[in-house]
Amino acid sequence: MENRDKLMKEIGENEMAFPLTFKEWEDVAKEKMITGGYQYVSKGAGSEETAKRNRTALEKWSIIPRMLNDVSTVDVTTELLGNKYASPFLLSPIGMQKLAHTNGEIATAQACKKFMVPFILSTVSSCSIEEVAEVSNGPKWFQLYWSHENPEVSYSMIHRAEKAGYEAIVVTVDTVMAGWREGDMKAGFSPLSLGYGSGNYKTDPVFMASLKDKEEQSIIEEILTHIQHPQLTWDAIAEIKKRTTLPIILKGILHKEDALLAVKYGVDGIIVSNHGGRQLDGVIASIDALAEIKEVIDKQIPILFDSGVRRGVDAVKALAIGADAVCIGRPYLYGLAAHGKVGVEKVIERFIQETEVTLGLAGIARLAEIERLGMKREK
Ligand SMILES: Cc1cc2nc3c(=O)[nH]c(=O)nc-3n(C[C@H](O)[C@H](O)[C@H](O)COP(=O)(O)O)c2cc1C
C-alpha cells in the first residue's frame, strides 16, 4: 500500500510537468501541431460512427474482479511469438510521425526501447527502416502496405526489415484504399503528398530503380499510386509468407471467418483493429469484434488488439476478453507531439503503471491468470 501511495505521489509531482490523461495529452498536442496535422491524426472516417463506437463499446464492458488474492507484486510480463516482453504493450504503426515531431519515428523507437515495448514501424514512416534500427536495438516490427503496383517493392521492404533486425511483419489489410475522411478532404490536407511518408520509399533500391524520373514530385506521385492496393487477396498473403522467415501478422481483421482464414493460410497472428475508425466507418467496435473472434480462434494464434485504447483499464478489458497483447495508438502520438521522446516514454510508463494497479485491484497477480476475471457487456 505504501508503495502505491509513493507511486501516486511521484506521478502527481511528475505530472506538474507532463499531462496525465488522454485528453490532456491531446490538448497539448493540438497546440503544438499544425492544424491540418492535428485534424489528420485525431479524426475518424465518415461521420466518425466507428471512432466513437470504439469508446462507447469499451465503456460498456465491465470487469468483474476477484478478491482475496495476494497482489503485493503484479507480473505483467507477456509471451508473444516465442519472445518474452516486459509488458503486454506494443505501439501501433502510425505513419508520417514527423507531422507530430521533428524527430519522428526515431524518437518513438528510442522511447520504446526503454520499456522493451515493440515498436511497429509503418510503411509510410517519415524515417526509414534502417534509420530507426540504427537508433534503437529494442524490439521492432515492420508494418507493410502491400504494393500491388510492384510487389517487388514490398518484398524489398520485407527483406530490408529482416536485415535490419525487425522481428515480425504486420500486413495491414483494412487500407486497400484511403478512408472517406471528410476533414482532410475539406482542408485539402494530404501529408503523403507533402512528403511526410516517403522515408522507406526514397531509400528503397527497387522502388527508386523503377522510377523514370527521380524528381521529388514524381517520387510522391509514384508513392500515391503504390499505396492503393484494392487487388489485395489471400493469395498475396500466401506469397508474402513464402518470401520471409519472419512471422506474419494481419492487421485489421474484424470478422471471425477472416480470423479463421488467417489460421488456414498459416498466418502467425492477427491484430483485431478497425484502424481507430479511420478506414471503413460504420463497422463494429474493435472490442466487440475481439470477443467474437476470441471464441473461434481459441488460442490457435495470438490475437493482438487496438482501436480506442486510452488507458490501462481499457487494455485490461481487452486482455480479459481475449487479447494476447494490446497496441497503443493515438495516445503515444500525442505524447510524441507534446514532448518528443520523453512524451512517448511517459505515455508508455503510465499505461504500464495503470495496468499494474488495475490488475492488482482486480485480484490478478499474474497477467497469465487474467482468464480468472469475469467480463460483462451491457446492451
Ligand atoms: C495518424 C494515424 C496514422 C496511422 N497510420 C497507420 C499506418 O501507417 N499503418 C497502419 O497499419 N495503421 C495506421 N494507423 C492505425 C493505427 O495503427 C491504429 O490501428 C489506430 O491508431 C488505433 O486506434 P486508436 O488510435 O484510436 O487507438 C494510423 C492511425 C493514425 C491515428
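## Helices α7 and α12

Helix α7 (residues 151–163) and helix α12 (residues 234–243) have axes that come within 11 Å and cross at roughly 40°. That angle makes α7 oblique to α12. Their crossing is right-handed. These details come from a predicted model.

From α7, the contact uses E152, Y155, I158 and E162. From α12, E239, I240 and R243 take part. Sorted by class, the contact of α7 with α12 has 4 charged residues, 3 nonpolar and no polar ones.

## Helices α3 and α16

Two packed helices are described by the angle between their axes and the distance between the axes. For helix α3 (residues 35–42) and helix α16 (residues 330–361), the axes come within 11 Å and cross at roughly 160°. Angles over 145 degrees count as roughly antiparallel, so α3 and α16 are roughly antiparallel to each other. The crossing of α3 and α16 is left-handed.

Y38, V41 and S42 of α3 meet R330, L333 and Y334 of α16. The residues of this contact divide into 4 nonpolar, 1 polar and 1 charged.

## Around the ligand

The ligand is surrounded by 23 residues. The closest are P93, S122, T172, R310 and R330. R330 also belongs to the contact of α16 with α3.

Next come some polar atom pairs. A nitrogen atom of the ligand lies 3.1 Å from a backbone N or O atom of G95. A polar side-chain atom of Y145 is 2.9 Å from a nitrogen atom of the ligand. In T172, an N or O atom of the side chain is 2.7 Å from an oxygen atom of the ligand.

Definitions and conventions. Residues are numbered from 1 along each chain as its sequence is written. This is a predicted model: local features need pLDDT of at least 70, side-chain atom pairs count only at pLDDT 80 or more; totals for chains, interfaces and linings use all residues. Side-chain values use heavy atoms; hydrogens and water are left out. Axes are lines fitted to C-alpha atoms, for helices over the stretch in contact, and angles run from 0 to 180 degrees between N-to-C directions. Helices (H or I, at least four residues) and strands (E, at least two) are DSSP runs, numbered from the N terminus. Angles under 35 degrees count as roughly parallel, over 145 as roughly antiparallel, 65 to 115 as roughly perpendicular and the rest as oblique. A crossing is left-handed if the near helix is turned anticlockwise from the far one by less than a right angle, and right-handed if clockwise. Contact means heavy atoms within 4.5 Å. Ala, Val, Leu, Ile, Met, Phe, Trp, Tyr, Cys and Pro count as nonpolar, Asp, Glu, Lys and Arg as charged, and the others, Gly among them, as polar. A residue is near a molecule or strand if one of its heavy atoms lies within 4 Å of it. A polar contact is a pair of N or O atoms within 3.5 Å; within protein, one must be able to donate a hydrogen and the other to accept it, and residues adjacent in sequence count only if both atoms are side-chain atoms.
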